[in-house]
Amino acid sequence: MLDVTRLRVLLTVAQKGSLTEAAKVLHYSQPSVSHHLARLEAETGAKLIQRAGRGIRLTEAGRLLAERAADIIGRLDAASEELAAHVGLRSGRVRLTAFPSALGTFIPRAARQLAVEHPGLRLELTETEPPEALRLLRAGRADVAVIFRYDDTAPEDGGVHMVHLLDDPSYLVSRTPAGELADHADAPWIAGCDRCRSHLLDMCEKAGFAPRITFTSDDIVAVQALVAGGLGLTLLPGLALSAHRNPEVEVTEVPGSVRHVYAAVYGEAPHPPATEALLTALRESLRTAPPMGSVPAIGAGAGGTGAIG
């Protein structure tokens, strides 16, 4: 049985890259850190660290064990906080990580509802794209991860439970009325994050061509400005266009192009009370919003932005 304290020492050394710095963080003496590492090597039968000039570095076995330690300790810390909050929702925290257009549309409504119904519960928000959000979830550094996936996205790893929130249609964004994807086989294209880029490639392949990608950006404001400047076309989901709509672009819904938005949690229900409260707030924020499926018209709110449409 591996000792959790020694795993925490190894993880801190991996993060700080130094026995001295790890000792400061852990409030140990340096000899104590060295002792814990030596005992851990004895327990595992593997060489975990080696000298590198005046410092140290982890061996391949050490890096592997440190990666597993991050997941283990993250889950233990999360379990400790969940147990402390299990007596009620009068205090504590719940951590949500989500992609930008979700943070710019329905999540603020969910946050408001959570604050009203559970004023002692502190919500912490982090902006991340789905792959990183899932890593934070598995490591116990997030309680709920709002992510998206397409039909052609590779399955997520085991241990993650997906709660479906909504289906978000995609739109062809152009400077002038666009027609269909196949009409733009020779045009320059603008791609987004890895998951969105893969979907763009897949949709263009189905339309019979490989897109010539000339720009890449995750910033929906910058992407639409590039389109408005005549520098290319792009695909954007409805949430992104609800969060920000440039008045100088045209949008056309793309049949068969939908991304699925989920709230991902670690493990099956029942979930901790704070997690369940957040999931309820997320679902309610979408239930009370205008129906999905259409992009808000220009002028719906200041600067051409509007509620989810």
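At the start of helix α1 there is a cap, and I would like to begin there: D3 caps the N-terminal end of α1, with a side-chain oxygen lying 2.9 Å from the backbone nitrogen of T5. Please keep in mind throughout that what we are looking at is a predicted model.

Helix α1 itself runs over residues 4-16, which is 13 residues, and from its first C-alpha to its last it reaches 18 Å, close to the 18 Å expected at 1.5 Å a residue. If you look along this helix for side chains that are hidden from the surface, you will find that R6, L7, V9, L10, L11, T12 and V13 are buried. Just after α1 comes G17, which takes a positive phi of about 70°.

What does α1 meet in α3? On the side of α1, the residues are T5, R6, L7, V9, L10 and V13, and in α3 they meet V33, H36, L37, R39, L40 and E43. The axes of α1 and helix α3, residues 30-44, come within 9 Å and cross at roughly 115°, and α1 and α3 are therefore roughly perpendicular to each other. The crossing of these two helices, α1 and α3, is left-handed.

Helix α2, residues 19-26, also packs with α3, and here the axes come within 8 Å and cross at roughly 100°. The helices α2 and α3 are therefore roughly perpendicular to each other as well. The residues that meet are L19, T20 and A23 from α2, and Q30, V33, S34 and L37 from α3.

Now, between α2 and α3 there is a loop, and H27 has its place in it. Is H27 buried or exposed? At 72% relative accessibility, H27 counts as exposed, because the cut-off for that word is over 50%. As a general point, most residues other than glycine have a negative phi.

Let me turn to another histidine, H260, which is found in strand β10, residues 250-266. H260 is buried, with a relative accessible area of 15%, and the reasoning is simply that buried means under 20%. Which side chains does the side chain of H260 reach through polar contacts? One is the side chain of D151, at 2.7 Å, and another is the side chain of D167, at 2.6 Å. Leaving aside residues up to four places away in sequence, H260 touches I147, F148, R149, Y150, D151, L166 and D167.

A further buried residue is R195, which sits in helix α8, residues 194-206, and has a relative accessible area of 14%. Again not counting residues up to four places away in sequence, R195 touches P130, P131, F148, R149, Y150, T153 and E156.

Finally, let us step back to the whole protein, whose secondary structure comes to eleven helices and ten strands. Of its 309 residues, 46% count as buried. Among the contacts in the protein with a separation of 6 or more, residues 24 or more positions apart account for 71%.

Methods. Residues numbered from 1 in each chain as written. Predicted model: local features only at pLDDT ≥ 70, side-chain atom pairs only at ≥ 80, totals over all residues. Heavy atoms only, no water. Helix = DSSP H or I, 4+ residues; strand = E, 2+ residues; numbered from the N terminus. Expected span 1.5 Å × (residues − 1). Buried < 20%, exposed > 50% of the residue type's maximum accessible area, 1.4 Å probe, protein only. Polar contact = N/O pair within 3.5 Å; in protein donor to acceptor, adjacent residues only side chain to side chain. Contact = heavy atoms within 4.5 Å. Axes fitted to C-alpha atoms, helices over the stretch in contact; angles between N-to-C directions. Parallel < 35°, antiparallel > 145°, perpendicular 65-115°, else oblique. Left-handed = near helix turned anticlockwise from the far one by under 90°.
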